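Subject: Structure for your review

Dear colleague,

Please find below the structure that I am handing over to you. My notes on what was found in it follow directly after.

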Amino acid sequence: ARKYDFVFENAARDSDYTEIVLPAGYKLESSFAPVSLTTPFAMYESSCTLADGKIIYRRVFEQYPARIPASDQAAVIEFFQEVYKTDRARMVLVKEN
């Protein structure tokens with residue numbers, strides 16, 4: 001078991017917004033579901049949508065100054081595992097017939 005608290009001393013914000021124009025003759029077959037996570041130490045949102053022939057990807061990660069008790073280790077791990085998993089999610093494009 002963890003002995004020491006998690007200490008996040010600094011605030012940080014990382015934001016991404018990307019538009020990808022679908023190549024002619026292709027469509028988005030699959031993507032990931034939108035994710036929104038909020039904890040006392042961080043916030044994370046990620047989404048991928050299709051609009052006007054464009055894939056629109058949005059991602060926001062905010063970290064807050066906080067001291068999280070060592071006893072909350074499972075929640076900290078779960079948050080960062082979900083961020084990791086979502087950041088590596090894939091979109092699949094297929095050629096239309």
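Rings of Phe, Tyr and Trp (its six-membered ring) are taken to pair if their centres lie within 6.5 Å; planes under 30 degrees apart count as stacked, over 60 as edge-to-face and the rest as tilted. On that basis, the structure holds 8 aromatic pairs. This is a predicted model, in which local features need pLDDT of at least 70 and side-chain atom pairs count only at pLDDT 80 or more, while totals for chains, interfaces and linings use all residues. Residues are numbered from 1 along each chain as its sequence is written, and side-chain values use heavy atoms, with hydrogens and water left out.

Helices (H or I, at least four residues) and strands (E, at least two) are DSSP runs, numbered from the N terminus. Two strands pair if DSSP finds at least two bridges between them. An open sheet of 4 strands shows antiparallel pairing in the order 2-6-5-4. Strand 2 (12-21) and strand 4 (35-38) stand at its edges with a single partner strand each, so one side of each is left without a neighbour in the sheet. Strand 5 (residues 42-51) and strand 6 (residues 54-63) run antiparallel and are joined by 10 bridges; Y44 has F61 in strand 6 as its bridge partner.

The loop between strand 5 and strand 6 contains D52. Although D52 is not a glycine, its phi is positive, at about 50 degrees.

Buried means under 20% relative accessible area, exposed over 50%, and partly exposed in between (1.4 Å probe, protein chains only). D52 is exposed, with a relative accessible area of 80%.

A nonpolar core is a set of buried Ala, Val, Leu, Ile, Met, Phe, Trp, Tyr and Cys residues joined through side-chain atoms within 4.5 Å. The largest such core has 12 residues, including F6, F8, F41, F61 and F79. Strand 1 (6-8), strand 5, strand 7 (66-68) and helix 1 each supply at least two residues of this core, and its largest share, 3 residues, comes from helix 1.

Returning to the rings, those of F8 and F80 have centres 6.4 Å apart and planes at 40 degrees, so the pair is tilted. The pair links distant parts of the chain, with F8 in strand 1 and F80 in helix 1, 72 residues apart. F8 is buried at 13% relative accessibility, whereas F80 is partly exposed at 31%. Ring pairs link F8, F41, F61, F79 and F80 into a cluster.

Yours sincerely
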